[in-house]
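Hi there,

Here is the structure I promised to pass on to you. Have a look at it first, and then read on for what I found.

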Amino acid sequence: MALKLYGAAMSTCTCRVLTCFHEKSLDFELVPVDLYAGEQKQPPFLAKNPFGQIPVLEDDDITLFESRAITSYVAEKFKGTGYDLIRHENLKEAAMVKVWTEVESHRYNPAIVPIVFQFLVAPLQGNSPDQTIIDANLEKLAKVLDIYEARLSSTKYLAGDFYSLADLHHLPYTYYLMKTPAASVVNERPHVKAWWEDISSRPAFKKLTEGMNYVRK
Amino acid sequence: MAVKVYGPATAVCPQRVMVCLLEKGVEFDLVHVDLDSGEQKLPEFLLKQPFGQVPVVEDGDFRLYESRAIIRYYAAKYEDRGTKSTGLHTRRESSESGSKVTPTWSKLSRRKLEKVLDVYEKRLSRSKYLAGESFTLADLSHMPATRYLISEAGLGHLVKDRKKLNAWWEDISSRPSWKKMIDLAGF
């Protein structure tokens, strides 16, 4: 089996890659990494990813890290298989996918990560959610989602009228956000809400949601 | 009709685009945007870029923003022209390096930055450039922020103290496209 993904079933970044695998109906092996034991920070794992984070993809002789780089690689390598996530036959559509992939990475992600962390991970570390951090980031996220709302009132998905990698990258963190009181930031925006309901109901993503829960084992 | 690049020549993200276009020999007109007066947040500009940031590229009636998306578009569009800077593997290096380094540099968080640069030092002892033996978008992407780090931020020793990193920087910053960009930016 060529594709080996090191990660964890509840990890957002691992799920970003797993969703991509499922959209393309690819065979792969998921090798669990014990985050609670800090396995990702130990030397054997650091040899794969010197930044000590999951996921890591091993494909024959190459090792990749950074989930968005992995999805990009997989979407390109297997562009002829399963769903075309990158519009590989149309340069301009492909460019729009890249634009909104960057938007997710540099604008959406930095705002949503601290919110999800406070609600879901901080309690596991014995802390209550820090409302100051949540509020500050919700304000940022709201501004970003106002732009998404405008965008999604003219196109069905972010890069155009086609589902793409740009939409997919939003799935894992948003899934967790929707389980918290912060879900209102999505629900209050009708086009964003409709887009969310659409992309989160795709079978490729639904396959993962059972494993997506932050419970200390 | 030349490609229009909106942004000041002195800003990091427009520079990323300019260097790429210079590498590919694509003619462009730089349209200055006055960041100090907040021109990028005015309604007319927000029509071009809803997040109110530079750069924006207009190529005929096709408009793009997000500098890393722009350079990938042009690298793909002109794959056979100028420097060959894309490839399956290079794509992953562009993504993985950029997000680790740029936010750290703008926050100037020394310890984090030094740890990241140590990883780069190790990487560059295995290959001449970040993605392998050829100069690619991965290296290009880093150039504007590295220059800023050395010049305005006065942290050049962080690069000079790392042998491979320094050699890499000396190499890539001697490229004609970079020198031309420095000229355009008036540095």
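This is a predicted model: local features need pLDDT of at least 70, side-chain atom pairs count only at pLDDT 80 or more; totals for chains, interfaces and linings use all residues.

Leaving aside residues up to four places away in sequence, A:N137 touches A:P110, A:A111, A:P114 and A:I115. A:N137 itself sits in helix α5 of chain A, which covers residues 131–152. Is A:N137 buried or exposed? Its relative accessibility is 8%, and because buried means under 20%, A:N137 counts as buried.

A:D130 has a relative accessibility of 31%, so it counts as partly exposed. If you pick out A:E29 as well, you will see that its C-alpha atom is 37 Å from that of A:D130, the two residues being 101 apart along the chain.

**The sheet in chain A**

Chain A has an open sheet of 4 strands, in the order β2-β1-β3-β4 and with mixed pairing. At its edges are β2 (29–32) and β4, each of which pairs on one side only. From one strand to the next, the twist averages 20°.

How do β3 and β4 of chain A run, parallel or antiparallel? Strand β3 (residues 56–59) and strand β4 (residues 62–65) are antiparallel, and 4 bridges join them. You can follow the pairing by eye: A:V56 has A:F65 as its bridge partner in β4(A), and A:D59 has A:I62.

Helix α1 (residues 12–23) lies across β1 (3–7), β2 and β3 of chain A, and runs at about 155° to β1(A). Helix α3 (residues 67–77) of chain A is mostly covered, with 10 of its 11 residues buried. Among those buried residues are A:R68 and A:E76, together with A:I70, A:Y73 and A:V74.

**Over to chain B**

Chain B has 9 helices and 4 strands. Read from the N terminus on, its elements go β-α-β-α-β-β-α-α-α-α-α-α-α. Of the 187 residues in chain B, 55% are buried. Taking contacts in chain B between residues at least 6 apart in sequence, 63% join residues at least 24 apart.

The 4 strands of chain B form an open sheet, ordered β2-β1-β3-β4, and the pairing is mixed. Its edge strands are β2 (28–31) and β4 (62–65), and each pairs on one side only. The twist here averages 20° from one strand to the next.

In general, the strands of a sheet pair through backbone hydrogen bonds, either parallel or antiparallel. Which way do β1 and β2 of chain B run? Strand β1 (residues 3–6) and β2(B) run parallel, joined by 4 bridges. Within this pair, B:Y6 stands opposite B:V31 in β2(B).

As for the helices, α3 (residues 67–77) of chain B lies across β1, β3 (56–59) and β4 of chain B. The angle between helix α3 and β4(B) is about 130°. Helix α5 (residues 110–123) of chain B has 14 residues. From the first C-alpha to the last, α5(B) reaches 20 Å, close to the 20 Å expected at 1.5 Å a residue. Several residues of α5(B) are buried, including B:L113, B:V116, B:L117 and B:Y120, and also B:E121 and B:R123.

**Where the two chains meet**

Finally, the interface. How many residues of each chain are in contact with the other? There are 27 residues of chain B in contact with 27 residues of chain A. Between them, the two chains bury about 2500 Å², and 71% of this is on carbon and sulfur atoms. Chain B and chain A also share 2 salt bridges. B:E66 forms a salt bridge with A:R107, where the closest N and O atoms are 2.7 Å apart.

Best wishes

Note on methods. Residues are numbered from 1 along each chain as its sequence is written. Chains are lettered from A and ligands numbered from 1 in the order in which they are written. Side-chain values use heavy atoms; hydrogens and water are left out. Two strands pair if DSSP finds at least two bridges between them. Helices (H or I, at least four residues) and strands (E, at least two) are DSSP runs, numbered from the N terminus. The expected span of a helix is 1.5 Å times one less than its number of residues. Buried means under 20% relative accessible area, exposed over 50%, partly exposed in between (1.4 Å probe, protein chains only). Axes are lines fitted to C-alpha atoms, for helices over the stretch in contact, and angles run from 0 to 180 degrees between N-to-C directions. Contact means heavy atoms within 4.5 Å. Buried area is the accessible area (1.4 Å probe) that two parts lose on being put together, summed over both. A salt bridge is a side-chain nitrogen of Lys or Arg within 4 Å of a carboxyl oxygen of Asp or Glu.
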